[in-house]
Amino acid sequence: MVDRVLAAHPNYPEALYVRGLINLIGLRQTQAAERDFIAYLTVAPFGSHRTAVATLLALAQSQDHR
């Protein structure tokens, strides 16, 4: 469902956040999660999930470099 939303609206912040969560926590795809979280911060630098995204991005990057 998130992929369909992003296909229609690629810069929709909430969908980028949710897909990042799915990629990181559900699928353990750290690089995909990083891309989504960076995209979120780009389109919504003051978004409501900014703090969580910064933390999750750091987590994804630390797991990616193991």
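This is a predicted model: local features need pLDDT of at least 70, side-chain atom pairs count only at pLDDT 80 or more; totals for chains, interfaces and linings use all residues.
Me: How do I describe two packed helices, and what are the values for H2 and H3?

Reply: Two packed helices are described by the angle between their axes and the distance between those axes. Here H2 covers residues 13-26 and H3 covers residues 30-43. Their angle is about 160°, and the axes lie 8 Å apart. H2 is therefore roughly antiparallel to H3, since angles over 145 degrees count that way. The crossing is left-handed.

Me: Which residues of H2 and H3 meet?

Reply: From H2, the list includes Leu 16, Tyr 17, Gly 20 and Leu 24. From H3, it includes Ala 33, Phe 37 and Tyr 40. Across the contact, eleven residues are nonpolar, three polar and two charged.

Me: Which residues of H2 are buried, and what covers them?

Reply: An α-helix has 3.6 residues a turn, so residues three or four places apart point the same way. In H2, the buried residues are Ala 15, Leu 16, Tyr 17, Gly 20, Asn 23 and Leu 24. Their cover includes H1 (2-8), H3 and H4 (50-64).

Me: How many residues does H2 have, and how far does it reach?

Reply: H2 has 14 residues. From first C-alpha to last it reaches 19 Å, close to the 20 Å expected at 1.5 Å a residue.

Me: What is the phi of Arg 28, and where does this residue lie?

Reply: Most residues other than glycine have a negative phi. Arg 28 has a positive one, near 55°.

Me: Is Arg 28 buried or exposed?

Reply: Arg 28 is exposed, because its relative accessible area is 67% and the cut-off is over 50%.

Key. Residues are numbered from 1 along each chain as its sequence is written. Side-chain values use heavy atoms; hydrogens and water are left out. Axes are lines fitted to C-alpha atoms, for helices over the stretch in contact, and angles run from 0 to 180 degrees between N-to-C directions. Helices (H or I, at least four residues) and strands (E, at least two) are DSSP runs, numbered from the N terminus. Angles under 35 degrees count as roughly parallel, over 145 as roughly antiparallel, 65 to 115 as roughly perpendicular and the rest as oblique. A crossing is left-handed if the near helix is turned anticlockwise from the far one by less than a right angle, and right-handed if clockwise. Contact means heavy atoms within 4.5 Å. Ala, Val, Leu, Ile, Met, Phe, Trp, Tyr, Cys and Pro count as nonpolar, Asp, Glu, Lys and Arg as charged, and the others, Gly among them, as polar. Buried means under 20% relative accessible area, exposed over 50%, partly exposed in between (1.4 Å probe, protein chains only). The expected span of a helix is 1.5 Å times one less than its number of residues.
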